[in-house]
Amino acid sequence: MLDLTQVFSYSVALGIAAAVPGPGLAALIARTVSGGTMSGFFLLLGLIFGDLIYLSFAVFGLAMVAEHFNALFEVVRWGAALYLSYLAWQFWFANHQAIEVGKSANKREVLSAVLSGLTITLGNPKTIAFYLAILPLVINLEAVSLQTWAMMLVPLTVLVLLSVGALFIVAAMRIRHLLSSPRAQQYLFRGAATIMVVAAASMLRH
């Protein structure tokens, strides 16, 4: 099991990494502004799923397995980069409309938000760097058991990411009225699109 020092170190490191601006936060804010709180939280759910996948990779040594399946991971890397580019295109040419407060997300929007969040995380170089490079410096992964992963790391990861993401969702809802004009939305979405393109380019450089 992890001691209090490890729990604190991991929580702080993950919280800082999650709060650093990147494609995930850009998409989260843009989705919340355009679709409301529920859409934002479902995208956040997808982001968290992606983090849990990389956490599992780090804990169970699957990063080493990746060295023996280079072709498969090349496909995943290119697929993630292409999807980020597609999202960037969608954000850049989004049809900005008047914001409807209290609008409920339909099933298609929910699935789209979760999938977007998951893919953004899987294609985010910042997330990859944290779990496969920085995490081993914070926690001795060789001493992490299946029980520790399931009972401590997974709940802790969900709690930290949910807390950080919720803060940005609340902030986005607070400034939502300031983004009611099409021009303001255009600046927000094109800024998010730019971040997506940078992230996609970073994926292809590695």
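Select Tyr10, Phe130 and Tyr131 to begin: ring pairs link these residues into a cluster. Rings of Phe, Tyr and Trp (its six-membered ring) pair if their centres lie within 6.5 Å; planes under 30 degrees apart count as stacked, over 60 as edge-to-face and the rest as tilted. This is a predicted model, in which local features need pLDDT of at least 70 and side-chain atom pairs count only at pLDDT 80 or more, while totals for chains, interfaces and linings use all residues. Residues are numbered from 1 along each chain as its sequence is written, and side-chain values use heavy atoms, with hydrogens and water left out.

Leucine 137 counts as exposed, at 74% relative accessibility; buried means under 20% relative accessible area, exposed over 50% and partly exposed in between (1.4 Å probe, protein chains only).

Next, return to the aromatic rings, of which the structure holds five pairs. Tyrosine 54 and phenylalanine 57 form an edge-to-face pair, with 6.1 Å from centre to centre and 75° between the planes. Because they are three residues apart in helix α3 (residues 37-59), about one helical turn separates them. Tyrosine 54 is buried, its relative accessible area being 10%. Now select phenylalanine 60 and tryptophan 149, an edge-to-face pair at 5.2 Å centre to centre with 65° between the planes. Phenylalanine 60 lies in the loop between α3 and α4 and tryptophan 149 in helix α8, so this pair ties together parts that are 89 residues apart in sequence. Phenylalanine 60 is partly exposed, at 41% relative accessibility.

Move to serine 34, which is placed in helix α2 (residues 23-35). Is this residue buried, exposed or partly exposed? Serine 34 is partly exposed, with a relative accessible area of 35%. Beyond its neighbours within four places in sequence, serine 34 is in contact (heavy atoms within 4.5 Å) with Arg176 and Phe189.

The structure holds one cavity of 30 Å³ or more. On a 1 Å grid over the protein atoms alone, a cavity is a set of points where a 1.4 Å probe fits but cannot get out, and lining residues have an atom within 4 Å of a point. The largest cavity has a volume of about 270 Å³, a volume being the space filled by probe spheres set on the points, which are joined across faces, edges and corners. Select Ala18, Asp51, Lys126, Thr127 and Leu161, the closest to its centre of the 22 lining residues. Elements giving two or more residues to this lining are α1 (4-19), α2, α3, α6 (107-122), α7 (125-138) and α8.

Finally, show the whole chain as a cartoon. The protein has nine helices and zero strands; helices (H or I, at least four residues) and strands (E, at least two) are DSSP runs, numbered from the N terminus. Colour by pLDDT, the predictor's confidence in each residue, from 0 to 100. Confidence is highest in helix α8 (residues 146-174), at a mean of 93, and lowest in helix α4 (residues 62-66), at 57.

Definitions and conventions:
1 Å grid on protein atoms, 1.4 Å probe; cavity = no way out; pocket = protein on both sides within 12 Å on 5 of 7 lines; lining within 4 Å.
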